[in-house]
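Please keep the structure open while you read.

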Amino acid sequence: MIIIRYLLVVSLSLSYVHSSRRSTSRTPRIIGGRRVLVEEIPYMVNIRSNGSFHCGGSLITSKCVVTAAHCVKYSKPKELAVRAGVTYLRERRNLRMVSRIIKHPKYNIKTINFDVAILVLKSPLRGRNIRTIPLAFRPPPNGSIVRVSGWGLERENGYISEQLKSAQLGVISRRRCANFYKGLRNITDAMFCAFVPGQRDACQGDSGGPAVLDNRLVGIVSWGRRSQCARRKSPGVYVNIAHVKHWFDAVIPKHCY
């Protein structure tokens, strides 16, 4: 995602990130995955902006949600709400308003580096099929398989998924990923890349959602090549949670309990 695009599907406004005129923009999505029930992914939430589905997120405490900073870079807390414990976007239960947005202080709109934010809720989220997920201490090793989930596009230029979807993606080396994006965007220590070339990937609408390994949150869906999901040379790029763990350790005790 490098250009802000708006997908007029169910009043969906998807956050793309500004950049050059080159085609490097994408709000990742789940392509080639399988439909799942929220019971399998009870930490998964959907973020609403002025009532409409906007991005994904992960519940890390009953009062705090982790998402991508680009999802909320222009938002005010009063515009945002979080819904948890639901499989389908049409479900209306478990809604909480946002009281505060805390973006990483090093978040850069142009480079999309440190693309992470915490949403503090006005009241806790608890109940059936609602669980928190712990943060990872280490980045996912090259070759490991991460689970990515969301309600994003099911195919390029398609529609968002009404039902939650999930896919298993392979982590590739930073060097290999950097070669794919050479001349377009840097792959930093605060990022990692994952996909199954030509088969499975995140896509528009999945931004902010979780990448999970060994039942820990290792990444956040961040960006990719514009409108090119699951292509052989277009891996999804994720926030490396382990690289920003010290920031979480400073913010969570003050705002999330």
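1. Start with the surface. The chain has an accessible surface of about 10900 Å², and 47% of that belongs to carbon and sulfur atoms. Accessible areas come from the Shrake-Rupley method with a 1.4 Å probe; for residues, only the protein chains shown count as cover.

2. A word on the source. This is a predicted model: local features need pLDDT of at least 70, side-chain atom pairs count only at pLDDT 80 or more, and totals for chains, interfaces and linings use all residues. Residues are numbered from 1 along each chain as its sequence is written, and side-chain values use heavy atoms, with hydrogens and water left out.

3. Now the whole chain. It holds two helices and 13 strands. Helices (H or I, at least four residues) and strands (E, at least two) are DSSP runs, numbered from the N terminus. Of the 257 residues, 62% count as buried. Buried means under 20% relative accessible area, exposed over 50%, and partly exposed in between (1.4 Å probe, protein chains only). Take the contacts with a separation of 6 or more: residues 24 or more positions apart account for 71% of them. Contact means heavy atoms within 4.5 Å.

4. Next, the barrel. Six strands form a closed barrel in the order S2-S3-S4-S7-S6-S5, with antiparallel pairing. On average, neighbouring strands of this sheet are turned by 45° against each other, direction ignored. Axes are lines fitted to C-alpha atoms, for helices over the stretch in contact, and angles run from 0 to 180 degrees between N-to-C directions. Two strands pair if DSSP finds at least two bridges between them. Strands of a sheet pair through backbone hydrogen bonds, either parallel or antiparallel.

5. Look closely at S4. How many bridges join S3 to S4? There are three, and the two strands run antiparallel. S3 and S4 form a hairpin with two residues between them. On the S7 side, four bridges join S4 to S7, again antiparallel. Valine 65 of S4 stands opposite leucine 59, and its bridge partner in S7 is leucine 119.

6. Stay with S4 for its side chains. In a regular strand the side chains alternate between the two faces of the sheet. Cys64 and Val66 point one way, Val65 and Thr67 the other, and all are buried.

7. Serine 62 sits in the loop between S3 and S4. Is serine 62 buried or exposed? Serine 62 counts as buried because its relative accessible area is 18%. Setting aside residues up to four places away in sequence, serine 62 touches Leu121, Ser123, Pro124, Leu125, Arg126 and Thr132.

8. Most residues other than glycine have a negative phi. Asparagine 50 has a positive phi of about 50°, and asparagine 94 has a positive phi near 60°. Asparagine 50 lies in the loop between S2 and S3; asparagine 94 lies in the loop between S5 and S6. Asparagine 50 is exposed, with a relative accessible area of 62%.

9. Finally, asparagine 113, in the loop between S6 and S7. Asparagine 113 is buried, at 14% relative accessibility. Its side chain makes a polar contact with the side chain of threonine 188 (2.6 Å). A polar contact is a pair of N or O atoms within 3.5 Å; within protein, one must be able to donate a hydrogen and the other to accept it, and residues adjacent in sequence count only if both atoms are side-chain atoms.
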